[in-house]
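Hello,

Here is the structure you asked about, with notes on what turned up in it. Please read the notes with the model open beside them.

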Amino acid sequence: MISILLADDDVLTLNRLMGMLDWNAHGYEVIGQAHGGNECLRLVQKCLPNILILDIDMPDKNGVEVTKEIYERKLPVKILILSNYDTFSFVRDALHYGAYDYLLKHQISETVLLTRLKELSDLIEKEGTLNAHLSFFTTVAKRKYLNSLLRSGITNQDEHAHMLTQKDFSCGSYCIAVMQITNFILVTHFSPDQNRKKLIDSIITMADNIFSSLDNGLITYMEYGQFVVLFHYDDLASTQEIWNQAVRSMNLFISNIRKLYGLTSMYQTSDVFNEIGRLPEVYQKTKYLLEHKPIPQSSLTFSGQDSISMEKEKKLMDALIARDEEQMERIMNEIFQNHSLSSGELPQKVIEQILKIGIRFQQDYKINIHENMEMKKSGIARMSDAEVYSFLVSYFKAIMKEMPENSQENYSLHIRKALQYIHKNFAQDLSLSIVAEYLHISPTHLSRLFSKEVGVSFIDYLVNYRIECARQLIRNTELDLKTIADRVGFHGYNYFLRTYKDKTGHTPSQEKGMDSY
């Protein structure tokens, strides 16, 4: 309902206006009446009406003076001037200071008044939508800047100076919370209803709504299901009060994630700090504390490494190719022992690497068991470290069972070794000659074998594989496209963009909105 304040020193005029129409029936509410200019300003400041119907000629402050002060204070109220005089010059100054229009008192009727109020209502609605859009883009800009600060610190002094004028980055005290969705990679890999990009966006939208209602909290997404929330407080708040408020806000946040998406999560709050430039340092420390929270769920021994070595990847792929379940389980156990964290949770980056090995194996042997594994998705989000281990071992056993009996005859030893070499070194400068030299055969012979057994040329396979790796990085990290292009072996950025579109039918920037895997 549109709120309206009436201001006129003439009681008869006020009574006439009040009785002229059924205000509520038309969607309006008269929230107050003022009998002078000073009283009008006080009520405008206190009640912030949407519309002010203002007499031009009042004691203590006239309508022009009131309009000017409202303009200077930047109060968001639309003003409709009432006048006894049919002379435009008398209300010209009021219009100059932002009044919408003026009406002659002796000409006011229900129809005339409703027409002007409808025009003002439409304008308020239009500007309200515009303000919402501006607020959204401001939030997006702040979220992007927070992400940049966390990763790289202050890199542009002019941009930083501008951001310091924004509430979340202005002077005061800060506290951050680092939150991790449990088993995020597994959940979004095996659950088609948990589209990775849509899930991230919906969690951020929910966070915006929660933190907006609390009037504190700016969230950004990092990678692998990890989010960071920045809380900002004025200097009057005590350190303990700041920390307690941040904890309450995060408990509400993760409770809603569990209720709405069935996902569990854990978080770690930082110490309170006063310099926004310390964000990268505070983030790394808080992230480390989160990843090493002592949760006694696993009996494994941990060292906390966050990626699998190329040698371990090769051994796991070899075990899959050989359909050696015992060797596969032995390697998986080593991975979990070497890479699990003291929280009993394997880093999401390591889980993604393990899944990529399975994806490559399925692609090489044209195996598709995704639908069968979806039947086991129940409870993935709540799996302990030991349960994740069992799930992934079952996954690898399932794809090995689907491997054609004659697959080793279809792929000769040379081709199997060539594929392993490509998977390990795809980001390097690879060529047919380099791989042929590694295999101690001629390039011509390797080219014939590749075309015959794999069904595509060596260069086509290499490019397709690089594109697939790029696709995963685009989906699962916040790396910029130039960095991704370099990481997967495309050392010419424009060539990467052209090739990506040729192979996938869409640009890399469009990839973010598509289904994961």
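Predicted model: local features only at pLDDT ≥ 70, side-chain atom pairs only at ≥ 80, totals over all residues.

**Confidence**

The protein chain has a mean pLDDT of 82, and 85% of its residues reach 70 or more.

**Aromatic rings**

A pair of aromatic rings is described by the distance of the centres and the angle of the planes. The count comes to 17 aromatic pairs. One of them is formed by Phe211 and Phe231, with 5.7 Å from centre to centre and 90° between the planes, which is edge-to-face. This pair links distant parts of the chain: Phe211 belongs to helix H8 (residues 196-214) and Phe231 to strand E8 (residues 226-233), 20 residues apart. Phe211 counts as buried because its relative accessibility is 1%, where the cut-off is under 20%. Phe231 is buried too, with a relative accessible area of 0%.

Phe450 and Phe458 also form a pair. Their ring centres are 5.6 Å apart and their planes are at 80°, so the pair is edge-to-face, given that planes over 60 degrees apart count as such. Both Phe450 and Phe458 are buried. They belong to one aromatic cluster together with Phe426, Tyr461 and Tyr465.

**Helix H18**

Which residues of helix H18 are buried? In this helix (residues 432-439) they are Val435, Ala436 and Leu439. These residues cover an arc of only 100° around the axis, and therefore lie on the same side of H18. Just after H18 comes His440, which takes a positive phi of about 65°.

**Cysteines**

The count of disulfides is zero. Cys47 counts as partly exposed because its relative accessibility is 33%, which falls between the limits of 20% and 50%.

**Two residues at helix H5**

Gly153 lies in the loop between helix H5 (110-152) and helix H6 (157-163). With a relative accessibility of 8%, Gly153 counts as buried. Leaving aside residues up to four places away in sequence, Gly153 touches Ser148 and Pro280. Gly153 and Pro280 are 127 residues apart along the chain, yet their C-alpha atoms are separated by 5.9 Å.

Ser121 is in helix H5 itself. Is Ser121 buried or exposed? Its relative accessible area is 13%, so Ser121 is buried. Again leaving aside residues up to four places away in sequence, Ser121 touches Ile2 and Tyr28.

Regards

Methods. Residues numbered from 1 in each chain as written. Heavy atoms only, no water. Phe/Tyr/Trp six-rings, centres within 6.5 Å; stacked < 30°, edge-to-face > 60°. Helix = DSSP H or I, 4+ residues; strand = E, 2+ residues; numbered from the N terminus. Buried < 20%, exposed > 50% of the residue type's maximum accessible area, 1.4 Å probe, protein only. Arc of directions from axis to C-beta. Disulfide = S-S within 2.5 Å. Contact = heavy atoms within 4.5 Å. pLDDT = per-residue confidence, 0-100.
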